[in-house]
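Hi everyone, thanks for making time for this.

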Amino acid sequence: MRKLLLISCSLLALTPASAQTVDANGAKELSATLSKYFGKTALEKKVLSVKPEGDSYKITFSTAKLLEILPKQDLFKGDFGEYSFLTKPLADGSWDVSSKTTVNGSVEINAPTGKESFKWSIDNMDLRGVFDPKIGTFSKATSTYDGFKMSSSSSTQEMEATAGKAKAEMAASAGASGGVDFTQVQTAENFKETISFKSDPAVEETVTDGEAKPAVPTTPEEFMKVGISAANLGVDAKGSGVRNVEILDLWAFFVAHSDDFAKTPEEKTKLSDAEQAELKTKLLAALPLWEKLAGSYRFSDMSVDTPIGPFVTKNISQEVNFDGISKSGAYNYAVRTNGLQYPPLPIPDWTIPFLPTDVELSFGAAGLDLDTVVRGGIKEMDLNKEKPISDAFAEEMGTAFMLNPPKVTISKSLVRTVDAELTVEGEVTFATLKPQSRTTWEMAGFDKLVDRLNKASEEEPEIKNYIVFVKLAKDFGNELPDGRIQWIVDQKSDGSIQVNGNAVKGPDAAGKPLFDSSIFGIAPDDDTTATDDGAAASDDDALDTEDAPLDSEQQEVAPDAAQ
């Protein structure tokens with residue numbers, strides 16, 4: 001579905017008037033429209049070409065032509081393939097789009113550690129959809145391919161990945177509050193990946209008749225191989241209020257002024273006041289970029305083969321949920337894995353039931369004011385100055401952020417074993433830059449865990465030393481009606497901690513730094529000494545001549561000190 005972005009840019013500004021006639025003149029008109037988004041050079045150098053084909057236009061994007069017009073360099077070379085599609089104007093102003101092709105590409109990079117290469121191919125890709133210029137994207141689209149292959153090679157690693165049949169569906173419509181609402185679902189079968197790790201190339205130097213010969217790197221040796229396989233790979237995405245048209249309109253502005261932006265500060269032509277005002281208007285129109293944006297990436301029936309055996313999981317996924325630029329945005333990330341199974345591990349048998357079978361971690365940030373920063377930055381911006389954003393504004397925004405930082409959120413997260421389940425949720429705030437948190441911990445199967453520890457202590461007596469602390473934790477908890485044990489932990493900004501309303505730690509000593517280096521075995525600086533009240537006194541203070549005794553007084557107290 002990544003191909004849809006290229007097509008969206010190509011078709012965005014088409015109108016019913018320009019869409020009615022498919023001929024050479026229509027192709028010229030379409031080319032002129034495309035130049036707004038790709039630049040005139042792309043059309044002149046045939047990077048992008050348009051020609052009539054039956055009742056449609058054939059639009060072709062050539063990466064080979066693109067590489068030809070790039071500045072000469074020795075960093076990489078390759079062929080990223082050629083992409084083409086047919087688009088036919090419809091009576092309502094939308095466009096029927098289709099593309100059927102096999103994609104192949106490769107690239108070689110001269111990296112500092114040696115040559116690296118990448119190859120990929122997609123067999124029988126078939127894309128069909130209806131593009132709606134009013135929303136700047138496809139109102140509906142489907143795509144399929146028969147198979148995918150990718151490989152890479154470097155001095156320390158080899159990788160091969162394949163996937164079977166894949167399909168994707170997308171739908172979009174105008175959002176109720178502006179922008180575009182969309183959903184996208186993509187799946188692929190039989191994913192496999194093999195990664196072979198190699199040792200760094202060793203260098204051998206020989207000496208003959210007292211004369212050293214040039215060092216010659218040896219061939220790296222493979223020392224570990226990891227195989228990843230999954231029955232299914234899925235990618236989901238959805239968004240609301242996405243400012244497609246406004247963002248692409250902003251892109252067209254940068255393309256129109258690309259020559260100015262590419263020049264050095266000494267060479268470039270300054271933007272006029274009217275051009276800067278136009279840019280700021282377009283930037284503001286694109287806000288908040290989107291209202292909500294969410295996506296997930298998941299594998300099912302996944303196995304990771306390692307030298308010690310296979311690690312297996314029923315499902316593993318990553319999820320993101322991002323607000324757009326707002327006064328109080330929330331941004332969350334989650335990783336979940338369920339049905340974990342392990343190979344034989346070099347650990348005592350009694351510890352195996354304590355290995356997690358399910359892990360779900362979800363955290364993020366809330367109350368993040370990006371709107372004030374972005375809108376203020378747009379207003380402050382002057383692209384004709386050496387520093388488009390002044391240091392004073394940056395400092396002002398930094399101070400505002402420090403005074404009102406976002407809070408860290410922990411959505412319900414868990415670790416589950418065969419006997420027990422531990423969950424946690426809560427939040428951390430940073431008033432005056434000192435953390436203050438409230439977290440709720442709950443555990444099911446607590447007694448089963450204790451029973452298993454008691455049984456394990458018959459073989460490992462030292463475990464008894466820890467069981468007392470486990471039981472103490474239960475005493476601090478509250479038992480819920482369903483048998484779970486709950487701990488509500490409050491940490492105040494003064495360092496004090498309460499568990500279920502019971503104090504377990506008092507406030508930190510006055511003047512105590514947030515970071516106590518002594519807990520890591522780091523001695524205080526040589527020029528300070530600890531006083532009885534925990535404060536630090538410098539050597540200079542200790543030798544202050546106003547408070548120091550006279551020589552005679554020192555002689556008098558010396559015997560007492562000796563005693």
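I'll go through confidence, then the cores, a few strands and a helix, and finally some aromatic rings.

First, the ground rules: this is a predicted model, where local features need pLDDT of at least 70 and side-chain atom pairs count only at pLDDT 80 or more, while totals for chains, interfaces and linings use all residues. Residues are numbered from 1 along each chain as its sequence is written, and side-chain values use heavy atoms, with hydrogens and water left out.

pLDDT, by the way, is the predictor's confidence in each residue, from 0 to 100. The chain averages 84, and 81% of the residues score at least 70.

Now to the inside. I'll say buried for under 20% relative accessible area, exposed for over 50%, and partly exposed in between, with a 1.4 Å probe and protein chains only. A nonpolar core is then a set of buried Ala, Val, Leu, Ile, Met, Phe, Trp, Tyr and Cys residues joined through side-chain atoms within 4.5 Å. Which residues touch the most other members of the largest nonpolar core? They are Val-50 and Ile-59, in a core of 23 residues. Helices and strands here are DSSP runs numbered from the N terminus, helices being H or I with at least four residues and strands being E with at least two. Among the elements giving two or more residues to this core are helix H3 (24-38), strand E1 (48-53) and strand E2 (56-62). Beyond four places in sequence, Val-50 has contacts that include Ala-27, Leu-30, Leu-34 and Ile-59. Another core, of 16 residues, lies apart from the largest one, and Trp-120 and Met-302 are among its members.

Next, some strands, which pair if DSSP finds at least two bridges between them. Strand E8 (residues 147-153) pairs with strand E6 (residues 114-132) in the antiparallel sense, over seven bridges, and Asp-123 stands opposite Gly-147 in E8. E8 also runs antiparallel to strand E9 (residues 157-163), with six bridges. In E9, Ala-161 is the bridge partner of Met-150. Three residues sit between E8 and E9, which form a hairpin.

A quick stop at helix H9 (residues 371-380): Asp-371, Gly-376, Gly-377 and Ile-378 are buried there. Their cover includes helix H8 (273-286) and helix H10 (391-403).

Last, the rings. Rings of Phe, Tyr and Trp (its six-membered ring) pair if their centres lie within 6.5 Å; planes under 30 degrees apart count as stacked, over 60 as edge-to-face and the rest as tilted. That gives eleven aromatic pairs. Take Phe-80 and Trp-120: their planes meet at 35° with the centres 6.0 Å apart, so this pair is tilted. The two are 40 residues apart in the chain, with Trp-120 in strand E6. Is Phe-80 buried, partly exposed or exposed? Its relative accessibility is 26%, so Phe-80 counts as partly exposed.

Phe-191 and Phe-299 make another tilted pair, 5.5 Å centre to centre with 50° between the planes. Both of these residues are buried, and ring pairs link Phe-191, Tyr-297 and Phe-299 into a cluster.

Terms used: Contact = heavy atoms within 4.5 Å.
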